[in-house]
Amino acid sequence: MGKLYLGEFEELVLLTVAHLQGEAYGAAIMQDIQQRTGRMVILSAVHVVLYRLEEKGLVTSVVGGVTAERGGRRKRIFTISAYGITILSEIRQVREELWQLIPKPLRPSTL
Amino acid sequence: MKNTNQPPFWLDRFLQWRLPDDQFEEVQGDMHELYSQWVKDVGKRKASWLYLLNTLTFLRPLPKGKENHYSTHRPYLQANFLDMLFNYLIIALRNLTRQKAFSFINIFGLAISMSVGLLIITMISDTFSLDDFHQKKDRIYRVITTDQFAGQPEMHLASSSVKAGKQIKETVAGVELVALLRRGFGGEAIIKDTRISLSGLWASESFFEVFTFPLLQGDPVTALKEPYSLVLTEKTAKKLFGRVDVLGQQIQFDTLIYIVTGVMKDVPKLSHLQFEALVSFATVELQKPDTGDGDFFAWENIFMNYAYLLLPPNGNPEAVQANLNQLSAAQNARITNRKITLSLQSLKEISSGESLVNPIGPTYFNNAARWVLVGLALIVMLSACFNYTNLSIARALRRSKEVGIRKMIGAAKSQVLVQFITEAIVIALVALVFSFLLFLLLRIQFLSLAAQAADLFKLELSTRLIGYFVALAILVGITAGILPALFFSRINAIQVFKNASLKLFYHVALRKILIVVQYTFSLIFITTTIIGYNQYRSFLAYDLGFSTENILNIRLQGNSSKLLKNELAQVPTVQNVSTSLLVSSLGNLYGGSMKYKDPVDSANVWINIVDEQYLPLHQHTFLAGKNFSAKANAISEDEVIVNEQVLNRFNIGKRVPEQALGEALTVKGKKLTIIGVVKDFHYGTLDKNIEPTILRYSNEPGGYLNVKILSSDLPATMESIEAACSNIDQVHPLEANFYDDQIEQAYSQYSVMIKIIGFLAFLAISIASVGLFGMVVYSTETRLKELSIRKVLGASEFSLIYHLSKGFFILLLIAAFIALPLTYLFFNQVILREFVYHQPIGIGELFSGVGVVMLLAISMIGSQTLKAAQNNPVNVLRNE
């Protein structure tokens, strides 16, 4: 198998988990992505991605405390793991290398 | 405690079912949090949709499936759920193509029955979208009237008085706008030399603010303000002028000139208001036409006008109703002997509520009729489902091996269940394709069935309707498949292999019951059709108390009856001509109040105004007295001829015809003396009692000419009559109908009903027949060996046929035994109660339907059993 690949949506979710810092649970992540990207996000998609990321070891989760607005139901708080941080920075590094290679200012090709 | 921000609980159930236990709580928490956020952001309705969407998408494959009984033992099951479904589809399609006869019977039955279902769904969706185009539809109400004379039953009218409308406008709080309408505007539009007849409504100036009828030209606020203003629909404008930009044009009716102040888009089909033109209500207020119901602005003048109210947003109909009650009470205090009560009716109820007297436009079927239609379609569809159920269970032996193997290698009960239901749904969906094609044909047929149908229904398709169609097919599939699926899912795998002769006729009782139910319904349908048709024929031939034979009724259309009479007298085959205000027994009524000696005792009597020729020409029977004698116009009217009911109602002359002669009556304030009493005759239609009816004299009543014809050569006579009439009136085309044809027309709604039920009967019988056919084919096939052995041992062919078909006949007899008394009771207790005058139901009518169905069944059973009985036993048994 070798290296681990992340899909675009997985990457978005992982980044959101990273920046929400201890406040990352299903609904919060979903709303954050929805606000930032302006696209419609479905909870089940976020949910599935979170569990897949946990399976891959990129995030860890703990069941958190009780809040009133959820009718006393507990949240599962996700935090990014060390492995997750490594993967994210690898991705970022690749992107940045690519950006370096692009001539500035960037123009559409005029063939 | 119910929290209004609580999302639907069954969706939580769904989540609980779907998600692993340790994930359920967090997801449910997330969902509830999101839901309360959505309610704040986008409102409750949309929030519920989002909630539904977000919940249902948890159906997607989850990374960690739910732990349950199956997954602990057979962890692969969850993973390849979709693969299994695909496998079921393949198996279903293979079975479909392998057993062609079976598939044909099922698809044929389901397709034709579902096409009826599709038609009914479309029709009902049409009636539900009636008047939907009005933007303020939720705030529009109509004022309807309940009218009751002391001691008489209530009459419910869609119309109300002008006075009521005006009073509401001035005094009732909580009403934004009042639109007054009046029916019956009509006549010949004269534009230069052309004359085109036109009909429409009078409407007050707020009409276009209450209703959403966009104007192409003109100002909606002022279009109906001034007297003699006229708004045309696009179609009418084109009909009259050949173009649309006709603002300011003049149109003459009689001697009056109207100005076109607006052209509106055509009235949509699904509207309860239908008209060609609107005339400003101010016009009719100026004219104050006298229709014999009292002063134009009188509280009792409730027959011609309509009032529509627009309530303000968040208006309170109950408060308005309370005000209406007060208003009615105050007005009723001023009249005696009569109670007129106003009430509100919402726009939706107009089209789907109870039927009222004086409807303003075409009437759609009400709730009851809607349910009857749905019920009939359901019965036909159920019948087709039964075929599927029966044949599937009957073929259990073949499939039980397959199920056995599936179970051996680990299929759970629920999986077998899903498999067989999937199979049924596949068949239903295939049938849907065919039924859709049939539906397209049926739609054309239906729209041409009755003249009104094309005006009332659009029957257009929409994506939503297609969604309903697919939903119907899936529902039909589940209904048809649920019993076989349960049966197969309960099969015990070990038994199947240990003992090949599995209890094959395990569900024989169930199958028998289904066949009986199918045939019971088929028999009810066909018997209903036959009885209904006979009753309908008997209406047409009913003795009305006078003769209608060879009488041609010609509408005068404003021409002088004298001139026409003279012309017609020249036609040699015309025996006699009379004139009358209206033609009896067709449902047209003209009434008035009448008093005898007691000044406070008044009652409604029906009136026809006739000349001296009328009674002899129609061969009315005189019980006492004599006919009118010809009088000149100038002599004032003082004579009247009454029927027996008048004597009974007012107890005139101790109800003896001879003694009633010479008594004086007051009719609509006029003193008249009884000069004759005729035998009771049918002034109204046959579903009404014969009521007090009087005949008044005029030598020119207007209305109709009744021409008695001698000739047997009717076309030639018609031609000469037409020629004679065109001498007098070059403008109007002749409007002449034979009396008998008109009576047929008056009962045409019943003929439409009989056609519909007859069609359903045809479907139900075909479906039941193919089902029975399938069963017979199957049972003779499986018993072929038994039959061969019987034959070898010496059974005759006849005894074999008897042996095979006995069972089926007993079922049919049971069905007949249930169906006939039911139909008889249904007609006697329910339907024919509605018709005061009808023929009794004959034995022949009851049994002829059974005969037809039995004959069909005999030919099917007979042909199959004969085939089996004639089989050479050697061919069957040699391989044993």
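Modeller: Start with the contact between the chains: 18 residues from chain A meet 18 residues from chain B. Two residues are in contact if their C-beta atoms, placed from the backbone, lie within 7 Å. This is a predicted model, where local features need pLDDT of at least 70 and side-chain atom pairs count only at pLDDT 80 or more, while totals for chains, interfaces and linings use all residues. Residues are numbered from 1 along each chain as its sequence is written, and chains are lettered from A and ligands numbered from 1 in the order in which they are written.

Colleague: Which element of chain A gives the most to the side that touches chain B?

Modeller: Helix 3 of chain A, with seven residues. Helices (H or I, at least four residues) and strands (E, at least two) are DSSP runs, numbered from the N terminus. Helix 2 (26-37), helix 3 (43-56) and strand 2 (74-80) of chain A each supply at least two residues.

Colleague: Why are helix 7 of chain B and helix 27 of chain B called roughly antiparallel?

Modeller: Helix 7 (residues 100-128) and helix 27 (residues 748-782) of chain B pack at about 165°, with axes 10 Å apart. Axes are lines fitted to C-alpha atoms, for helices over the stretch in contact, and angles run from 0 to 180 degrees between N-to-C directions. Angles under 35 degrees count as roughly parallel, over 145 as roughly antiparallel, 65 to 115 as roughly perpendicular and the rest as oblique. So helix 7 of chain B is roughly antiparallel to helix 27 of chain B.

Colleague: What classes of residue make up that contact of helix 7 with helix 27 of chain B?

Modeller: The contact has 10 nonpolar, five polar and no charged residues. Ala, Val, Leu, Ile, Met, Phe, Trp, Tyr, Cys and Pro count as nonpolar, Asp, Glu, Lys and Arg as charged, and the others, Gly among them, as polar.

Colleague: What makes helix 20 of chain B oblique to helix 30 of chain B?

Modeller: The axes of helix 20 (residues 508-541) and helix 30 (residues 843-870) of chain B come within 8 Å and cross at roughly 135°. That angle makes the pair oblique. Their contact divides into eight nonpolar, five polar and one charged.

Colleague: What is the mean pLDDT of chain B?

Modeller: The mean is 84, and 94% of the residues of chain B reach 70 or more. pLDDT is the predictor's confidence in each residue, from 0 to 100. Over residues 73-77 of chain B the pLDDT is below 50. Where pLDDT is low, the predicted coordinates should not be read in detail.
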